[in-house]
Amino acid sequence: MKDTSALSTATLGYPRIGRNREMKKALENYWSDVITETTLKAISDSVLNDALTTQSAAPIDSIAVGDHTLYDHVLDWTLRFGCIPSRFQNLTPGLPTYFAMARGVDSAPALDMSKYFGTNYHYMVPELDQHITPTANFDDFLHQIHLAQNQLGSERVVPNVLGPVTYVHISRLSGIEPAQMLDKLLPLYTQLLNTLKSRNVPEVQIHEPALVLSEAASLRDLYQTAFASLAACQLPINLVTFFDDVHVDVFPWMCKLPGLSAISLDFTRGNNLVTLKKCGFPSSPRLGAGIVDGRSVWTDQVSGRTLLAAIKDIVGDNVKICVQPSCSLQYVPIDVDAESSLPEEIRPKLHFAVQKLKTVAEIAASPESTSSSELTGIVEEAVADALQESLFVRQPKFEERRPQQFTVPGGFGTTTIGSFSQTPEIRRLHTQHRKGTMSDEEYNARIDKELAYVIGIQEALGLDVFVHGEPERTDMVEYFGVKLSGFTFTTKGWVQSYGNRYVRPPIIYGDVTRTEAMTVREFKSAQSMTTKPVKGMLTAATTILNWSFPRKDISREQQAYQIGLALRQEVMDLEKAGCKIIQVDDPALREGLPLKRENWEEYLRWAVRAFRLSTSGVLPSTQIVTHLCYSDFEDILDAIDGMDADVLTIENSRSGDEMLVALAKYGYSRDIGPGVYDIHSPVVPKTATMASRIKLFKECGLASERIWVNPDCGLKTRKWKEVLPSLTNMVEAAKIARIED
Ligand code: GLN
Ligand code: ZN
């Protein structure tokens, strides 16, 4: 029983994938015609039912409903608003159109995918233009509400609605201004709110994460227009923000938006305590206090109560407080209790969605309890605490060292990004080795066979710089996590990356150190088979960190340096083993950028330093390569240059030459390998197309000897029958470029 001082509780969203990845299996079965639409929807409903039961049992008072999805909740809203781009309009309505927009069909490529507000969740970017006439179709949303009300009663069901300003803000608009688009959508929002009101919901959550962005201040007019419409429905509104603080320039007018019965803030990221201190909190709406971190896997019993006490201190006794997770719990795995092999000293420190719900309920029931039982990370003597500045600086400068490094006469050297086809045989090897049914010796021998195969292929193709193909890696982060100390792994800790793709991020729980060489054996083996240089292949510290759950007891900067130092040792060992070219992939560097622009510089400072820590110890003659999986880095050119790599390979084939022009204009003088073909597509690229692309690089002002020719990214997901003709054509295209140069 709750005492009278007890606080209310709410959730803001819950994992949609099912405890046993039911949704993934159901989707894949539906796509391959194994199950019908009816069965798919029945499975989906049962996953939702289970999520509701768990939240109800925690117990949570107000449960957010409506974010359950077959693929992506943003895409759901796009269909609910009937914002279907013209290329999908001839398809069968309903699921065929929905999945075509998600995954593409021959006649119409999918919507673009983009990271959702700096998380590792990807949403389908709505495409809105002036021709679109939104039409309402809220059936599936109302179905979720109905199902929840049946199970929980109407008092506890609070619809979770993606707010109109955020929806427009994260869309791609063409030929229409945000304000015009908003005007088109608002009648649908009011229609929805009126319907919800008639269904007896007590309140509605309007999720507006755009309010925490740097540009939020410029969205003020849009918010005022939107909330004037929404408030007219007279359904109480909980205005929900998360992932960062609401800036002091935004908070005062945000609080005055009409219709608000509650304002929800995230106290686990950014600094909303400062915002509250500076701006105060109005007395009438409830404060939804996001104090249980929905994006970390660590316990919150102590930190949550500490935050709550600090909040109460600032807002006083008159403000009603509701205890909440900081955001939807979809960013964490579902249940720690499902894990059977977590180290016993770590298990009690970990909380996934189910445990986070319990924490919310416990804190609300006894806010003051001062149990000091919270364990945070394992603090050992901090590794990488006192690093000399010289470890971050490579000597001599690029201009001086580059002539001592590997060069292809005439330039346009050909290479690949690292991985080759991960065949079923390779995956079988991994499984057998992991399960212990294959000995280390046998496994290594089989891996060596794979190395021999890819080396042979590269000889035959006539590439200039070889790779070993990464057959020993299941995943570019997990592979290193398993070998380094300080990481642990779950067996069922899946989180949705997008649609039917889920990942199990490693968990960093202690100081990261290297206990053994991680890549030297495979390098040596591959290099022994050829006289061509074979690249050493590592994943950069920032990428490892960004694709893991970090510790909370020390900073991400410190963790990046710990990993960076471990990689530095690996780099040095590779060099000792005769490796002349070492590639350190940093595809997730950009993904770690903070939401607020003003925090970018600080992040980039340490992210770049971590890269340099790993790579600056090598001889002048050793070539350091990096690879970035995107080409939109015009806004972080200083950071890219600051990495001080000798060669930069980037994804490029899907963009025009804007980025190369920007690099030339910037005065970027190092080697660069802009991808000449898209590895996401099974289509074999034509020699002529690639040759003209390479020509374009020259026209952008890059010098031939600085240009490398490579695909956009690794070839892991491509079949050999696609890889072989593609690379044959690529090598041919480079030859043409050399001759014509
Ligand atoms: N070396 C990695 C590979 O080729 C790079 C992958 C990536 O950039 N995501 O697979
Ligand atoms: Zn890549």
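Trainee: Which residues are the closest of those that surround ligand 1, and how many surround it?

Mentor: One reads a ligand site by listing its neighbours before sorting them by class. In this predicted model, 13 residues surround ligand 1, and the closest are Ile 417, Gly 418, Ser 419, Pro 587 and Gly 714. Sorted by class, that shell has six nonpolar, four polar and three charged residues.

Trainee: Where does Cys 713 lie, and is Cys 713 buried or exposed?

Mentor: A loop residue has to be judged by its count as well, and Cys 713, in the loop between strand S23 (708-709) and helix H24 (720-740), is buried, with 25 other C-beta atoms within 10 Å. Beyond its neighbours within four places in sequence, Cys 713 is in contact with Ile 417, Cys 629, Glu 651, Gly 675 and Ile 679; Cys 629 and Glu 651 belong to the UniProt "binding site" list too.

Trainee: Which residue does the UniProt annotation "active site" cover, and where does that residue lie?

Mentor: The record, again an unreviewed entry, places "active site" at His 680. His 680 lies in the loop between strand S22 (671-674) and helix H23 (687-699), and with 13 C-beta neighbours inside 10 Å it counts as partly exposed.

Trainee: How should I read a helix such as H11, and which of its residues are buried?

Mentor: The general idea is that an α-helix has 3.6 residues a turn, so residues three or four places apart point the same way. Helix H11 (residues 301-315) has 15 residues and reaches 21 Å from its first C-alpha to its last, close to the 21 Å expected at 1.5 Å a residue. Its buried residues are Gln 301, Ser 303, Gly 304, Arg 305, Leu 307, Leu 308 and Ile 311, and what covers them includes helix H10 (272-279), strand S11 (286-292), strand S12 (321-325) and helix H12 (353-365).

Trainee: How many residues of H12 are buried, and what covers them?

Mentor: H12 is mostly covered, since eleven of its 13 residues are buried, among them Lys 356 and Glu 362. The cover includes strand S1 (8-9), helix H2 (37-57), S11, H11 and S12.

Trainee: Which backbone features deserve a careful look?

Mentor: Most residues other than glycine have a negative phi, and most peptide bonds are trans. Against that background, a cis peptide bond joins Ala 58 and Pro 59, with omega about 0 degrees, and Pro 59 is found in the loop between H2 and strand S2 (63-65). The bond from Gln 395 to Pro 396 is also cis, with omega near -15 degrees. Turning to phi, Phe 117 has a positive value of about 45 degrees although it is not a glycine, and Phe 117 is partly exposed, with 18 other C-beta atoms within 10 Å. Gln 234, likewise not a glycine, has a positive phi of about 60 degrees; Gln 234 is exposed, with 11 other C-beta atoms within 10 Å.

Trainee: How do I read the overall fold, and how many helices and strands are there?

Mentor: The protein has 24 helices and 23 strands. Its radius of gyration is 27 Å, close to the 27 Å that the globule rule gives for 741 residues, so it is as compact as a globular protein of that length. Buried residues make up 49% of the 741 residues.

Key: Residues numbered from 1 in each chain as written. Chains lettered and ligands numbered in written order. Predicted model: local features only at pLDDT ≥ 70, side-chain atom pairs only at ≥ 80, totals over all residues. Helix = DSSP H or I, 4+ residues; strand = E, 2+ residues; numbered from the N terminus. Rg over C-alpha atoms; globule rule 2.2 N^0.38 Å. Buried ≥ 20, exposed ≤ 12 C-beta atoms within 10 Å, placed from the backbone. Near = placed C-beta within 6 Å. Nonpolar A, V, L, I, M, F, W, Y, C, P; charged D, E, K, R; others polar. Expected span 1.5 Å × (residues − 1). Contact = placed C-beta atoms within 7 Å. UniProt positions renumbered as here; feature names shortened; annotations may be inferred.
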